[in-house]
Amino acid sequence: MSSVARPLLVVLAALSLGACASIPYARTYEPQGIAQPADRSAERAALNAKVYDAVVRYTEKLFYKPDFGGVPFVAEAQARRAEAVAQPTSDGLHVELTELLDLLDDDHTVTLSPLERERYYELQRTGQTTGYGFTVTPRGDDRFVATVVPGSAAEAAGVTPGWRIETVSGLSVLLAVPPVVGRTDTLVFLDDAGERHSVDLPGVTMPVRPRFVAERKDGNIAYIRFDDFDATRYNQFYDEMETFADNPPAGLIIDLRTNGGGILTIAGQVMGWLFAERQDYTVVKGRFIDTRYNIQAASQPYLGPVVMLIGPGTGSAAELLSGVAQEKGRATIVGLRSRGAVTGTRPIELPDGGLLRVGTIVMTTPEGRNLEGVGVTPDIEVPDDWAARRAGRDPTLEAGMAAIQAAIAQAAANASPQAVAGSVSDGSDLS
């Protein structure tokens with residue numbers, strides 16, 4: 001696969017906030033290596049104050065809802081400041097910041113502690129991360145075990161796909177600090193029958209599954225799964241779509257169930273492969289921008305039947321792509337309702353080496369449908385079936401295969417000579 005950047009197919013200007021050019025936006029998620037003061041020290045408290053005040057200041061200045069959605073954010077920030085500054089550790093400070101920003105009810109407005117940022121960069125750079133021997137899938141604010149690593153301590157302890165994670169070392173799963181290799185934490189799970197299981201698990205280095213997969217399934221159906229809208233994944237997608245010119249599939253399934261979003265322009269480039277003509281793509285609204293964007297079609301787009309798989313792990317640009325494809329009648333959407341987190345963010349460096357992400361814009365579909373807090377509702381809903389998943393089946397993919405086969409059959413029927421003759425003989429308007 002070539003590493004050369006692909007030609008841009010999207011008529012999208014880079015999003016910018018010209019009035020705020022002095023803000024120190026991060027250019028990379030690479031950790032900055034800023035030294036951390038000793039826990040419980042005066043230096044720790046002073047740094048906490050700098051970080052807290054920076055988070056509040058930039059959120060006040062940039063958050064896309066000037067009224068903070070009706071939340072008294074400024075007053076809450078003032079009331080919570082002393083408790084946050086007094087936290088003895090970096091993790092404690094960022095727990096306080098998480099609780100403060102959670103008042104805004106915007107999944108994109110968050111902080112990453114220095115350790116969380118380091119873990120994110122580790123995943124992007126090495127394809128490995130630190131975990132407890134299992135992967136996680138979201139359901140709203142809940143987190144469930146999705147898969148368990150064979151041979152792990154989690155498997156030995158009986159941790160099972162479908163168990164809900166209640167707490168990690170006494171903190172709710174949304175406030176839990178990241179695992180550390182060699183440190184053992186106590187996790188409390190709730191199983192299908194409502195029984196709790198308290199399990200001590202060590203932090204371990206875990207390889208993650210490939211973030212892009214492309215294969216042909218039975219019936220010459222192409223299946224593509226990618227987990228990010230970034231340059232690497234788009235280059236892989238581009239290469240795969242180019243093969244369709246010489247070997248077109250009967251149908252295409254795009255799996256977005258574990259795609260949390262990414263770069264808006266790249267999501268638009270992906271959409272450009274599914275249309276023969278230029279299309280409206282999104283309307284971007286915020287304090288400093290209110291613009292309609294469109295995309296150009298690829299030179300050799302795929303125009304056959306398309307199914308997109310979505311779920312609670314589908315977020316941001318992935319929701320926009322599936323929502324617009326649904327709105328335009330270009331794809332059948334299969335699975336569970338998506339996350340409902342469709343805002344654009346700016347990353348900002350924090351004094352402790354952490355990162356603040358502030359939601360600065362909201363993106364609607366061309367017809368003005370706001371997916372933020374709502375999500376994309378599938379055309380074909382497939383409820384959770386953890387028993388099937390534990391047995392190695394994928395009910396959502398099975399439903400997607402059935403849907404694409406039905407679409408292929410319908411397309412063949414519409415293209416048959418009998419269908420064409422019937423459309424002419426029954427008095428259709430041909431003007």
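This is a predicted model: local features need pLDDT of at least 70, side-chain atom pairs count only at pLDDT 80 or more; totals for chains, interfaces and linings use all residues.
The axes of H6 and H7 (residues 264-272) are 10 Å apart and pack at an angle of about 10°. Angles under 35 degrees count as roughly parallel, so H6 is roughly parallel to H7. The residues of this contact divide into 5 nonpolar, 1 polar and no charged.

In soluble globular proteins, nonpolar side chains tend to be buried together. Here, the largest nonpolar core has 44 residues, and Phe 226, Phe 229, Phe 237, Leu 252 and Met 308 touch the most other members. Helix H8, which covers residues 317-327, gives the most to this core, with 6 residues. There is also a second, separate core of 24 residues, including Leu 47, Phe 68, Ala 77 and Leu 97.

Now go back to H8. How many of the residues of H8 are buried? The count is 11 of the 11, so H8 is largely enclosed by the rest of the structure. Among those buried residues are Leu 320, Leu 321 and Val 324, but also Glu 319, Gln 326 and Glu 327. What do they pack against? The buried residues of H8 pack against H7, along with strands S14 (279-286), S16 (306-310), S17 (332-335) and S19 (355-364). Just after H8, Gly 329 takes a positive phi of about 70°.

Buried means under 20% relative accessible area, so Thr 396, at 12%, counts as buried. Not counting residues up to four places away in sequence, Thr 396 touches Arg 257, Leu 309, Val 334, Gly 335 and Val 382.

Next up are the charged pairs. Side chains of opposite charge can pair when their charged atoms come close. The model has 21 salt bridges. One of them joins Asp 384 and Arg 139, at 2.8 Å from N to O. Asp 384 sits in the loop between strand S20 and helix H9, while Arg 139 is in strand S4, so this pair links distant parts of the chain, 245 residues apart. Asp 384 is partly exposed, with a relative accessible area of 38%.

Another salt bridge brings together Arg 211 and Asp 228, whose closest N and O atoms are 2.6 Å apart. Arg 211 lies in the loop between strands S10 and S11, and Asp 228 in the loop between strand S12 and helix H6, so the pair ties together parts that are 17 residues apart in sequence. Arg 211 is partly exposed at 23%, whereas Asp 228 is buried at 13%.

Asp 230 forms a salt bridge with Arg 233, with the closest N and O atoms 2.8 Å apart. Here Asp 230 counts as buried at 18% relative accessibility, and Arg 233 is buried at 12%. Finally, look for Asp 142, Arg 164, Glu 166 and Arg 196, which are linked in a network of salt bridges.

Conventions
Residues are numbered from 1 along each chain as its sequence is written. Side-chain values use heavy atoms; hydrogens and water are left out. A nonpolar core is a set of buried Ala, Val, Leu, Ile, Met, Phe, Trp, Tyr and Cys residues joined through side-chain atoms within 4.5 Å. Buried means under 20% relative accessible area, exposed over 50%, partly exposed in between (1.4 Å probe, protein chains only). Helices (H or I, at least four residues) and strands (E, at least two) are DSSP runs, numbered from the N terminus. Contact means heavy atoms within 4.5 Å. A salt bridge is a side-chain nitrogen of Lys or Arg within 4 Å of a carboxyl oxygen of Asp or Glu. Axes are lines fitted to C-alpha atoms, for helices over the stretch in contact, and angles run from 0 to 180 degrees between N-to-C directions. Angles under 35 degrees count as roughly parallel, over 145 as roughly antiparallel, 65 to 115 as roughly perpendicular and the rest as oblique. Ala, Val, Leu, Ile, Met, Phe, Trp, Tyr, Cys and Pro count as nonpolar, Asp, Glu, Lys and Arg as charged, and the others, Gly among them, as polar.
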